[in-house]
Amino acid sequence: MVVGERKPFEEIMKMLEGHKKVMVLGCGGCVTVCLTGGQDAVRVLSSQIRMARDKDGNPIEIIEKTVERQCDPEYVDQVQEIVPDVDAVLSMACGAGVQFMAERYTKTPLYPALNTTFVGGSVKEGYYVERCQTCGECKLAYTGGICPIARCSKSLLNGPCGGSTKGKCEIDPNVDCGWQLILDRLRDLDQMDRYEQILEIADWRTSRDGGPRKMIREDFQR
Amino acid sequence: MSRFKDALDSGKFVVTAEVGPPKGCNLEPLKHHIGLLKDRVDGINVTDNQSSVLRYPSLGGAILIKEMGGEPILQMTCRDRNRLSLQADLFFAYSRGVTNVLCLTGDAVVVGDHKEAKGVFDLDSVQLLDAIATLSEGHDLAGNPLDGVPHFCKGAIVTPEAKPLEPQLLKFEKKIEAGAEFIQTQAVYDMNNFRTFMDYARRFEVKILAGIVLLTSAGMAKFMNKNVPGIFVPQNLIDELAGAPKGKALETGINIAAKMIRTIRDEKLADGVHIMAIGKEEVVPRILDLAGITR
């Protein structure tokens, strides 16, 4: 899933300066799962904003709403009656959701309440970790199912750097060395031959460097 | 042509030393260090934004060494440049007579003094070695022919005291497969451990220069043991430094370095040594004198 973290409250309040009536819009997708952008988060954030603005003697009217997904025109359409009636929308979706809203509603300012942080998963409730950098050229078959792009701090392709020590990364002793994990796994799988071959330099066009990416299912385009 | 490569091929005991460029544009101290070293060693390494701390560029330092009549070894990390920039800098280096390159991954950006910067790592150290080999075949990484082909003597590093060691050894083998002609090791202090490493490394056709990092105090030794991955200073050396009379720890460190160099040379443990005095370049000639290395 896409993991997002709520922005600092002061930053959110600054975005809303000058607005008297806003919609705080949650997303029922990934950010609900990671507890930062769903219905509950909308309720909590809206209350905080109301209280802060009341305290300042500058009350704000907030409409609370959550849609199934903000990255889908079908669900984004569901708030078309509300948007013209507010000064601004504070979206609690990931960056994709915020932009789908901004593209659909061009007359209304759209603000992000979250920082979209990474693609990952939850190892336990409330504890999320990065696993994929969406490089567009999956290498997991060569690396024991552990991603060198996402798990190595330098995204190295041919083994650990000299900063790897006792299985940890030089950036932080609490961060596992991705390559140590890969090597341990390959050894367990009896696939060390996959490490011994030199991985060629990456083609970063499939990552972000070839410009914004698209994925088109031609069979659905009729 | 590379004088350093000739020295490696000659079979003699090869000595290299490291200099660090300034934070800024004042080259006088660097020139002074180069002047002290250039006629005493077979090659002078110039560090490349070492520890991710911004400095005058290694390429500038390497050209300066060349201009002063020394033999530069250009340290090149993958942290700050993508493949266009790396290849362009290699052309520049070669066109100015800098013909030796040490290929490094580079420290993580966040350990340095510009923590907010974007780390590049378009290539890794193995791929950089491979890229230099590609250039010497007359084309760039995109397959385009070159007008003027660089032929570098290329090297890499290994950490013989890494814990665990095996991942580093496997990478060492990849570096040799990718064309490394010489290896300068991370600091070694425990000669028994180093012997074990060399028993393994001797199986490969590559010249190995043992890394000698000058110890300046017991505190520095303890700090490195705790904080620098892949460095192990044995307790007896720490005790020796701690037992030095007040103000004489550096002197003790110089003696330790000289003694290690003698051991490595006399026992033919490695093909040479690479001396890293880290800010104390002034004393390198004395280390060489005490080690009996004269030119």
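Student: Which residues in helix 8 of chain B meet residues in helix 9 of chain B?

Tutor: This is a predicted model. In it, Ala218(B), Ala221(B), Lys222(B) and Asn225(B) of helix 8 meet Ile238(B), Leu241(B) and Ala242(B) of helix 9. By class, that contact has 5 nonpolar, 1 polar and 1 charged residues.

Student: What makes helix 8 of chain B roughly antiparallel to helix 9 of chain B?

Tutor: Helix 8 (residues 218-227) and helix 9 (residues 235-242) of chain B pack at an angle of about 150°. Angles over 145 degrees count as roughly antiparallel, so helix 8 of chain B is given that name relative to helix 9 of chain B. Their axes are 8 Å apart.

Student: Which residues touch the most other members of the largest nonpolar core?

Tutor: They are Phe172(B), Tyr189(B), Phe197(B) and Ile275(B), in a core of 99 residues. Helix 10 (residues 249-266) of chain B gives the most to this core, with 7 residues.

Student: What does Phe197(B) touch, not counting residues up to four places away in sequence?

Tutor: Phe197(B) touches Val158(B), Pro160(B), Leu169(B), Phe172(B), Thr185(B) and Ile208(B). Contact here means heavy atoms within 4.5 Å.

Student: Which residues does the second, separate core include?

Tutor: Leu16(A), Ile60(A), Ala93(A) and Tyr128(A) are among its 27 residues.

Student: How far apart do the C-alpha centres of domain 1 and domain 2 of chain A lie?

Tutor: The centres lie 38 Å apart. The domain assignment gives 2-118 for domain 1 of chain A and 133-197 for domain 2.

How values were computed
Residues numbered from 1 in each chain as written. Chains lettered and ligands numbered in written order. Predicted model: local features only at pLDDT ≥ 70, side-chain atom pairs only at ≥ 80, totals over all residues. Heavy atoms only, no water. Domains from an automatic or database assignment. Axes fitted to C-alpha atoms, helices over the stretch in contact; angles between N-to-C directions. Helix = DSSP H or I, 4+ residues; strand = E, 2+ residues; numbered from the N terminus. Parallel < 35°, antiparallel > 145°, perpendicular 65-115°, else oblique. Nonpolar A, V, L, I, M, F, W, Y, C, P; charged D, E, K, R; others polar. Core = buried A, V, L, I, M, F, W, Y, C linked by side-chain atoms within 4.5 Å. Buried < 20%, exposed > 50% of the residue type's maximum accessible area, 1.4 Å probe, protein only.
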